[in-house]
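Subject: Structure handover

Hello,

Here is the structure we spoke about, with its sequence. My notes follow below it.

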Amino acid sequence: MSEFLARLGRHVLAVLQTLGHASAFFVDLVRNAPQSLRRPYLTTAQVHAIGNRSLVIIASSGATVGLVLALQGYITLSRYGAAESLGLLVALALVREMGPVVTALLYAGRAGTSLTAEIGLMKAGEQLAAMEMMAVDPRIRVLAPRFMAGVISMPLLGGIFSAVGVIAAYVVGVLMIGIDSGAFWSQMQDGVDVIKDVGNGVVKTIVFGIASTFIALYIGYESEATPEGVAQATTRTVVVSSLTVLSLDFVLTALMFSTP
Amino acid sequence: MSKKQIETLVGLFVFLGMLGIFFLALKAANLASFSFNTTYPLLAHFDNVGGLKVGAPVKSAGVRVGRVASITFDNKTFQGDVTMEIERQYQFPTDTSAKILTAGLLGDQYIGLDPGADEKNLQPGETIKMVQSAVVLENLIGQFLYNKAAEAPAKEGSGQK
C-alpha cells in the first residue's frame, strides 16, 4: 500500500515537473517567435509544409461536414416546419464550433504529428546539438518559424473549413433538397453576427493553433532520441493536442457564448 | 521545389484562407448591414419586461433602429429600467410610445417605437413616457378563465327567469 502511494506521489510530482518545463518552453517559444520575422523565408517554407499540405484534407473534411450537417439538420428542422432556417443552423454550427474544433483536431493529426516527428528525428540525429555547436540557436532557427507558421495557418485553415462547409450545405439544401435559396442566405445573414460569431470563431482557431503547435513542438523536442521514442511522441502529440483543444473549446465557449 | 514556387504556393494558400474568412463575414454574416454609426441612449420604465434580453433589437415601423443596451431593476419604483441605444441618424418626438412586442408568435421579444406628433425630439438620456409592458401568457390565460367563469352564472341567472 505504501509503495503504491509512493509511486502515485512520484507520478504526480513528475507531471508537475513536466508542466513547469513545458511552461518554460512555451515562454521561450513566444519570446523567440518575433525573431522568425528576420528570416521570413524560413517561416514561409514552414507555412507551405504545415498549411498548404493540409489544404486537401481540411477542404474535403469541410465539404463533408457541411453536407452531413445540412442533411441531418434538414431532417430535424422539417419536423417543426422550420426547414427554411437550415442555412442559419449550418452556418452557426460551423462558424462557432465545428469549424475551429474539427480543423484543430485534423491539424493536430496531420501537421502536429509531422512537426513532432521532424523535431524528434532532428534531435535523434543530433542536428539540434550540431547547430548549438555552431553557435546557431536551434530555437530561433528551427522552432520559432514552425510556431509562427502554425499560428498563421490555423485561422486560415479554419476559415476555409467553415466556408467550404457553408457552400456544401448550400449545394445540398438548395440545389438537391429544394429549400428556397433566398430564405437560405437571408436567414443566415440575419442570424450570424460578424464579431460575435465569425470573430469568436477566428479567435478560437488562433488559440487552438497556438496550443496544438506548442504541444507538437514540445513533445518532439523532449522525445527520446530513438525511433521508438519518436513513434511514441507522435501518438502522444495527437492525444494531448486533441484533449487540450477540446478542453480549451469548452472554456472558450463558456467565455464567449454563455448568456449572463 | 524552388524558393519561388514555394512562396507562390504559400501566397495562394494565404489568399484562399482570407477569401474563406471574408466569404463568411460578408455572405454568411451581417457585415453588409454592419453599422459603425454612433448611438445615443434613451430610457424607458416597464412594469414587466417579459422575455426582453440585452441586445434585443429596437424597431420602428418594423425596421431596426437600435438595440437594448441594459435592463436593470429599480428598487424604488419596482419597475424594470431599460436603456436603449438608438442610432444617431434617427430622432424621435418626445411623445413616442414604446411597446414590448414578440417577433412572430413565440419568437424573441423586441421593443417597438411608435412615433408621436410632437415637434420636439427626445434628447440623449431622456425617458420615453408612454410605455406598454410585455404580455405575460399566464396573466392572459388567467384573465380569460376569469371572464369565462363570470359569464357562466350570469347566463344561469337569465335562464331561470
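At what angle do helix α8 (residues 194–221) of chain A and helix α9 (residues 227–257) of chain A pack, and how far apart are their axes? The angle is about 155°, and the axes are 9 Å apart. Angles over 145 degrees count as roughly antiparallel, so α8(A) is roughly antiparallel to α9(A). The crossing of α8(A) past α9(A) is right-handed. Please keep in mind that this is a predicted model.

The contacts between these two helices are as follows.

- From α8(A): A:N200, A:K204, A:V207, A:F208, A:A211, A:S212, A:I215, A:A216, A:I219 and A:G220.
- From α9(A): A:A233, A:R236, A:T237, A:V240, A:S241, A:T244, A:V245, A:L248, A:D249, A:L252 and A:M256.

Chain A overall

Chain A has nine helices and zero strands, which gives the pattern α-α-α-α-α-α-α-α-α along the sequence. Its C-alpha atoms fill a box of roughly 65 × 55 × 35 Å along the principal axes. Of the 260 residues in chain A, 42% are buried. If you take the contacts in chain A between residues at least 6 apart in sequence, 86% of them join residues at least 24 apart.

Helix α7 of chain A

This helix covers residues 181–191, and its buried residues are A:F184, A:Q187 and A:M188. Seen down the axis of α7(A), these buried residues fall within an arc of 100°, so they line one face of the helix.

Strands of chain B

In chain B, my notes cover strands β2 (residues 57–60) and β3 (residues 63–74), together with β4 (residues 79–87). β2(B) and β3(B) run antiparallel and are joined by four bridges. One bridge pairs B:K59 with B:R64 in β3(B). The hairpin of β2(B) and β3(B) has two residues between the strands, and B:A61 takes a positive phi near 55° there.

On to the next pairing: β3(B) also runs antiparallel to β4(B), with eight bridges joining them. Here B:S70 has B:T83 in β4(B) as its bridge partner. The hairpin that β3(B) and β4(B) form has four residues between the strands. In its turn, B:F78 has a positive phi of about 55°.

Regards

Key:
Residues numbered from 1 in each chain as written. Chains lettered and ligands numbered in written order. Predicted model: local features only at pLDDT ≥ 70, side-chain atom pairs only at ≥ 80, totals over all residues. Pairing = 2+ DSSP bridges. Buried ≥ 20, exposed ≤ 12 C-beta atoms within 10 Å, placed from the backbone. Arc of directions from axis to C-beta. Axes fitted to C-alpha atoms, helices over the stretch in contact; angles between N-to-C directions. Parallel < 35°, antiparallel > 145°, perpendicular 65-115°, else oblique. Left-handed = near helix turned anticlockwise from the far one by under 90°. Contact = placed C-beta atoms within 7 Å.
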